[in-house]
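Trainee: Could you walk me through this one? I'd like to go over the charged pairs and then a sheet.
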Amino acid sequence: MDTGTDAKLAQCFIAVDDHDKALSFYRDVLGLEVRNDVGFEGMRWVTVASPEQDVEIVLEPPAANPDASPGDRQAMAELLAKGMLRGVNFTTTDCDALFERVRAAGVDVIQEPADQPYGVRDCAFRDPAGNMLRFMERPGR
């Protein structure tokens with residue numbers, strides 16, 4: 001009896017306004033590996049990922065859809081500049097060590113490491129484009 005699906009998350013998208021700044025952060029500060037960095041029809045397709053997993057993060061300009069109107073592109077760029085677009089959550093085995101490493105790189109701190117009532121210790125930063133990134137350490141892992 002088939003009780004599930006074989007569907008797995010392959011990619012998620014984070015809007016960035018500067019691929020080179022984003023790469024410096026995600027690759028050099030967080031230690032993610034670059035899986036793709038290619039040009040295509042005037043765009044740049046950049047993916048990064050943890051060496052430990054298959055899920056990739058696609059770093060793309062706001063409103064990368066070629067059908068987006070100039071007004072939509074402007075609205076997305078403004079939301080990104082305000083840090084209003086959603087980011088991603090990561091897990092880590094040592095929240096405090098990761099926090100110190102990322103803070104030392106001069107990244108915008110949103111929240112220092114804290115024990116949460118829902119059972120994790122976490123911290124949060126903004127990437128160079130303003131996206132919120134949260135890093136969670138689960139007890140016993």
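Mentor: Let me begin with a definition: a residue is called buried when its relative accessible area is under 20%, exposed when that area is over 50%, and partly exposed in between. Keep in mind as well that this is a predicted model.

Trainee: OK, so is Glu 56 buried or exposed?
Mentor: Glu 56 has a relative accessible area of 13%, so it counts as buried.

Trainee: And which residue does Glu 56 form a salt bridge with?
Mentor: The partner is Arg 35, with the closest N and O atoms 3.8 Å apart. That pair links distant parts of the chain, since Glu 56 belongs to strand S4 (residues 56-60) and Arg 35 to strand S2, 21 residues apart. Arg 35, at 26% relative accessibility, is partly exposed.

Trainee: How many salt bridges are there in the whole structure?
Mentor: A search finds 9; one of them joins the side chains of Asp 37 and Arg 44 at 2.8 Å, N to O. Through shared partners, Asp 20, Asp 37 and Arg 44 form one network.

Trainee: Switching to the sheet, what's the strand order?
Mentor: It is an open sheet of 4 strands in the order S5-S8-S7-S6, and the pairing is mixed. Strand S5 (88-91) and strand S6 (108-115) each have a single partner strand, so one side of each is left without a neighbour in the sheet.

Trainee: How do S6 and S7 pair?
Mentor: They run antiparallel, over 5 bridges, and in one of these Asp 115 is partnered by Arg 121 of S7.

Trainee: Which helix lies across S6, S7 and S8?
Mentor: That is helix H3 (residues 95-104), which runs at about 15° to S7.

How values were computed
Residues are numbered from 1 along each chain as its sequence is written. This is a predicted model: local features need pLDDT of at least 70, side-chain atom pairs count only at pLDDT 80 or more; totals for chains, interfaces and linings use all residues. Side-chain values use heavy atoms; hydrogens and water are left out. Two strands pair if DSSP finds at least two bridges between them. Helices (H or I, at least four residues) and strands (E, at least two) are DSSP runs, numbered from the N terminus. Contact means heavy atoms within 4.5 Å. Axes are lines fitted to C-alpha atoms, for helices over the stretch in contact, and angles run from 0 to 180 degrees between N-to-C directions. A salt bridge is a side-chain nitrogen of Lys or Arg within 4 Å of a carboxyl oxygen of Asp or Glu. Buried means under 20% relative accessible area, exposed over 50%, partly exposed in between (1.4 Å probe, protein chains only).
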